[in-house]
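Hi,

Here is the structure I promised to pass on.

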Amino acid sequence: EAAAVAAPSQPEVAAGSAASAVVLPERLQRREAERQQGVERQRQKKEAQVVKEEQSEFFLATFAREREAVEALLAAGTLEEAAARLQALQKLLTGSVRFLAPYEVRQGQETVARLQGDLAARRQQLQPKKKFAFRALKKEAAPGSAPRPAETAAPAPAAPGLGLAEGESGGPPLCGFSGAQDEELELGPAELLQQDVLLSELRGCRVRLRGNPNTLRVRDCRGCTVLCGPVSTSVLVDGCSDCLLALACQQLRTHRTRDCRVYVQVTSRAVIEACSDVSFAPYSWSYPGIERDFESSGLDRNSNNWNLVDDFDWLATDKPSPNWSLIPEQERITCWD
C-alpha cells in the first residue's frame with residue numbers, strides 16, 4: 001500500500017509527459033518568433049541605412065549643383081533669379097535634415113549663410129540707388145506733421161570696424177538699427193519687404209519689425225525685445241544676452257548668446273553654438289497683415305520645429321543638452337502689447 005501511495009499511477013505519468021510535451025514546443029516557438037523578429041529588425045535597419053545613404057548622396061549632388069548655379073547667377077548680376085534659386089536651395093536643405101548627418105546639415109547651413117551674405121553684398125554693389133532712396137524716404141518722413149511714435153529713431157548702418165558674424169556681408173545693411181538705447185524702434189512692411197536687416201549694439205530697446213525681411217541678423221544686443229514678422233530665409237542671433245525674441249524663419253542660428261527667450265517658428269531645426277540658458281517656445285506674436293507677410297515669405301505655417309534644437313557643443317546622444325530648454329506652457333507670453 002505504501003508503494004502504491006508513493007508511486008504515481010500510470011495515467012498521472014502519462015498526463016505529466018503530455019504537459020511537458022506541450023510546454024516545450026511553446027517555449028521553442030516563442031524563442032523562434034523572437035529570433036525571427038530580431039532578424040527582421042536587422043533587415044529593416046540595413047534597408048533604412050541603404051535608403052538613407054542613397055538619399056544623402058542624391059542630396060549632396062543636387063545641393064552642389066544648385067550652389068554652383070546660385071554662384072554663377074550672383075557673378076552675372078542676375079540677383080532676382082539668384083534669390084529664388086537660393087530660397088529653393090534653403091528649402092532643399094530644410095526638407096533633407098531628417099536623413100542627413102549633423103555635419104552635413106551644418107555644412108549646408110554654412111553654405112546657405114555664405115550665399116545669403118554674397119547676395120546681400122551684390123545687391124548693395126549693383127543697386128546703390130535703392131539704398132539711397134530708402135534713406136531719403138526716412139529723412140523726408142521726419143519733418144512730417146505727425147510721424148509714427150515708433151519711428152523716433154531712423155534706421156542706421158552698423159558702426160564701421162565691427163567684426164562680422166558668420167555669413168554677414170561686408171557692406172552696410174540696407175536697413176536696420178544700431179547703437180540705440182532705451183528706445184522704441186519700428187519698421188513697416190514697405191521698408192522691410194525682402195530686405196536684409198541688421199540690428200546691432202542695441203541696449204534696452206523694443207524693436208517691432210512688421211513685414212517680410214529676406215534675412216535678419218541680431219548682433220551684440222543686451223536687454224532688448226525683438227519682434228519680427230516672417231523672414232524668408234535665415235535669422236542669425238550672435239553675441240546677445242537677456243533678450244526676448246519672436247522670430248519666424250526657415251533657419252535659425254544662435255551663437256555666443258545667453259539668458260535669452262526665443263519664440264520661434266522655424267522650418268528646419270534650430271542651431272545653437274557657444275550658448276547657455278537659451279529657452280524656446282512656439283512663435284505667437286501677431287499683427288494686422290501678418291498672414292499676407294507669411295504668404296510673401298514662402299514659409300509654411302504648418303511646419304514648425306520650434307522644439308527641435310541642435311547644440312553643436314553637446315555631442316552626447318543619451319543626455320539632453322544643458323544649454324537650452326523649453327519654456328513651460330504656463331510661463332509663455334500670450335499677449336505682446
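A quick definition to start: buried means under 20% relative accessible area, exposed over 50%, and partly exposed in between, using a 1.4 Å probe and protein chains only. This is a predicted model, so local features need pLDDT of at least 70 and side-chain atom pairs count only at pLDDT 80 or more, while totals for chains, interfaces and linings use all residues. Residues are numbered from 1 along each chain as its sequence is written, and side-chain values use heavy atoms, with hydrogens and water left out.

Now Gln-265. With a relative accessible area of 6%, Gln-265 counts as buried. It sits in strand S10 (residues 258-266); strands here are DSSP runs of E, at least two residues, and helices are runs of H or I, at least four, numbered from the N terminus. Its side chain comes to 3.1 Å from the backbone oxygen of Asp-300. Leaving out residues up to four places away in sequence, Gln-265 touches several others, including Tyr-283, Phe-294 and Arg-301 (contact means heavy atoms within 4.5 Å).

Then there's the sheet: 7 strands, open, paired in parallel, in the order S1-S3-S5-S7-S9-S11-S13. Two strands pair if DSSP finds at least two bridges between them. S1 (175-178) and S13 (309-311) are at the edges with a single partner strand each, so one side of each has no neighbour in the sheet.

Zooming in, S3 (residues 196-200) and S5 (residues 215-219) run parallel and are joined by 5 bridges. Ser-200 has Arg-219 in S5 as its bridge partner.

Cheers

How values were computed: A polar contact is a pair of N or O atoms within 3.5 Å; within protein, one must be able to donate a hydrogen and the other to accept it, and residues adjacent in sequence count only if both atoms are side-chain atoms.
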